[in-house]
Amino acid sequence: MPTEREEFRLTEEIRRAENIFLNTNRNFLVLGSAGTGKSFLLKRLVENARKNVQVLSFTGLAALQVGGRTIHSFFGFDLGLQKRTHLLLMGTDEQKDNRRRAFRNLEAVLIDEVSMLRADLLDAVDAVLREHGPRPGEPFGGVQVGLFGDVLQLPPIVTDDEQQAFRPRADAPSSPIWDDGWISPWFFDSFAYRTGGFLRLTLTRIFRQQTDATAGEDFVRSLQRLREGRIQPEDFDLINSRVCNQEPRQALSLVTTNRAAEEENASRFNALSGRVQVYQAARAENWPRHWRGNEPVPETVEIKKDAWVLVCANNAGPGLVNGSLGTVLRFDDEEVVLRVGSQEIPVKRYVWKFPVWRWDGKHKQMVKDGETTYSQMPLKLAWAMTVHKAQGQTVDGPMWVDLGARVWSGGQAYVALSRVRRLDQLHLRRAVRNEDVLVEKRARQFLSEGDSATALEETRALAANIYRKTKKLKDEAVQERERASQILGDAQALLANTTAKEHSLVDSIHANVERFLAEATATLRECKQVEVRIAASEKRILDALEQARNASWLKRFLGEF
Ligand SMILES: Nc1ncnc2c1ncn2[C@@H]1O[C@H](COP(=O)(O)OP(=O)(O)O)[C@@H](O)[C@H]1O
Ligand SMILES: [Mg+2]
């Protein structure tokens with residue numbers, strides 16, 4: 001995992017994203033392959049922001065990576081499908097008040113790893129902010145939203161129960177009436193995305209892997225083809241040259257399922273010599289029965305010296321957050337001392353507190369009925385991690401990848417292999433096969449429609465701006481012309497009705513009128529020139545629109561090959 005600060009390199013693409021975030025209020029989407037620095041850019045935007053910005057992500061580990069919180073915890077959402085009822089703020093009265101205040105003062109929200117962000121969740125974010133944001137009623141309540149991610153990495157997870165909410169339909173539009181569901185679980189098929197006017201930007205330069213050394217170049221090219229589903233025999237050769245039959249020492253393991261992660265952790269734990277320390281959880285008496293088994297850490301936590309562990313609570317020890325990784329140095333009944341980076345940090349038992357809710361039949365509503373607690377050493381074994389958890393991470397040491405019997409999700413093999421910086425850090429338990437190369441159709445479609453939509457969008461914004469200015473000038477010219485002809489008419493009427501002795505007076509008026517006319521004519525001439533320039537701009541805009549349209553056609557065409 002990256003810890004030390006690296007020097008930030010600016011590219012034109014990064015500058016463009018910075019400009020949109022820092023100088024406009026537009027919503028935007030930053031796309032780009034793994035390691036193009038999307039998260040790095042996000043962190044930099046936050047550092048330079050002069051706005052009140054909240055950083056969010058879908059998984060805890062990905063949030064930690066960019067110094068943010070999970071969407072669920074920030075908004076107080078339940079897990080599972082987000083329905084309209086969730087518009088009601090969840091939590092205790094105090095939590096609700098705090099949330100309302102936080103939402104009212106928000107100016108920007110940046111969300112990382114959006115490939116896993118489901119449409120219903122983004123719509124829920126939109127709905128809550130429309131109600132509680134600084135400008136109620138507007139998209140995202142007037143909060144600027146920046147999304148970061150790669151749609152060719154892991155797609156959102158949909159359970160069997162939730163499947164029916166996401167159905168492809170011919171009549172397409174996602175509806176603000178949520179009961180209608182969504183045409184796909186992808187965030188870009190949410191109502192919020194479709195109406196949010198997101199500008200699309202793509203980062204193309206890869207930073208995670210070295211691209212200058214020859215080996216690095218080949219690795220990056222093979223990863224790219226794996227990502228896009230255009231993998232060639234020589235890519236398989238290169239990647240599968242890393243198959244080895246033994247897990248290297250001190251390697252982080254990537255696996256495809258939670259169960260495989262548990263098994264791998266157990267086997268690494270058993271291989272450690274030394275004494276086992278067991279910590280038993282304590283539940284309050286009113287701990288709901290149906291929460292058993294879904295607790296933040298298991299009922300029994302076993303620790304040995306040198307075990308790799310993940311901290312599962314905030315403030316469990318000085319400087320630790322939910323998601324910190326460390327190695328066990330020593331322990332006793334009360335505490336476990338971890339080495340995290342170069343520091344030694346003691347971790348004590350942690351007490352999780354949750355409100356208890358009861359149905360009040362008389363008032364027909366849920367009411368808070370006290371609190372319940374769960375106490376345990378907030379640690380989990382962390383040698384192995386699922387690919388889903390690892391998305392967004394850079395692995396700096398050796399990495400052991402076990403793709404199991406089969407890859408079961410779009411982008412899974414690509415996400416797994418693209419975590420390391422160099423090919424020689426990669427160790428494969430089995431060869432990558434053709435059937436492991438899964439690319440989501442809907443994501444590919446979105447990308448192929450993609451950049452041309454941004455080009456069109458930007459050209460349109462420019463055109464609208466020029467049009468407004470032109471219209472103002474034209475209106476002014478017309479007014480000027482009307483005024484001039486009215487004065488001329490008045491002057492002629494005056495001349496026709498004057499006697500000789502009034503002539504001198506009329507002459508002087510006439511001279512003034514002539515001068516005014518000359519000025520008006522000059523203005524008109526200028527207006528004419530402006531009109532010519534406008535016509536030329538209009539033509540340029542039409543050409544650009546045409547080009548953008550051709551580009552999208554060409555992309556789709558190329559995409560089919
Ligand atoms: N602008 C940059 N300048 C220098 N190094 C960068 C830059 N962006 C990314 N990196 C390097 O690449 C690694 C991966 O970047 P990251 O932001 O995690 O990529 P992504 O989020 O696109 O997958 C970082 O840890 C850092 O080492
Ligand atoms: Mg990232």
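In this predicted model, the axes of helix 1 (residues 12–23) and helix 2 come within 11 Å and cross at roughly 40°. An angle over 145 degrees would count as roughly antiparallel and one under 35 degrees as roughly parallel, and helix 1 and helix 2 are therefore oblique to each other.

- Helix 1 passes helix 2 in a right-handed crossing, and the contact is made by I14, A17, E18, F21 and L22 on the side of helix 1, with L41, L45 and N48 contributed by helix 2.
- Sorted by class, the residues in the contact of helix 1 with helix 2 are six nonpolar, one polar and one charged.

- An open sheet is formed by six strands in the order 3-2-4-5-1-6, and their pairing is parallel.
- Strand 3 (69–70) and strand 6 (199–203) stand at the edges with a single partner strand each, so one side of each is left without a neighbour in the sheet.
- Strand 1 (residues 28–32) and strand 6 run parallel and are joined by five bridges, and F28 stands opposite L199 in strand 6.
- Helix 1 lies across strand 1, strand 5 (144–148) and strand 6, and it runs at about 150° to strand 6.
- Helix 2 lies across strand 1, strand 2 (53–57), strand 4 (108–112), strand 5 and strand 6, and its direction is at about 160° to strand 4.

**The surroundings of ligand 1**

- Ligand 1 is surrounded by 15 residues, of which G37, K38, S39, F40 and F207 are the closest.
- Helix 2 (residues 38–48) provides the largest share of this shell, namely three residues.
- By class, the shell around ligand 1 consists of five nonpolar, six polar and four charged residues.

- Strand 19 (residues 399–402) pairs with strand 20 in the parallel sense over three bridges, and M399 stands opposite L426 in strand 20.

Methods:
Residues numbered from 1 in each chain as written. Chains lettered and ligands numbered in written order. Predicted model: local features only at pLDDT ≥ 70, side-chain atom pairs only at ≥ 80, totals over all residues. Near = placed C-beta within 6 Å. Helix = DSSP H or I, 4+ residues; strand = E, 2+ residues; numbered from the N terminus. Nonpolar A, V, L, I, M, F, W, Y, C, P; charged D, E, K, R; others polar. Axes fitted to C-alpha atoms, helices over the stretch in contact; angles between N-to-C directions. Parallel < 35°, antiparallel > 145°, perpendicular 65-115°, else oblique. Left-handed = near helix turned anticlockwise from the far one by under 90°. Contact = placed C-beta atoms within 7 Å. Pairing = 2+ DSSP bridges.
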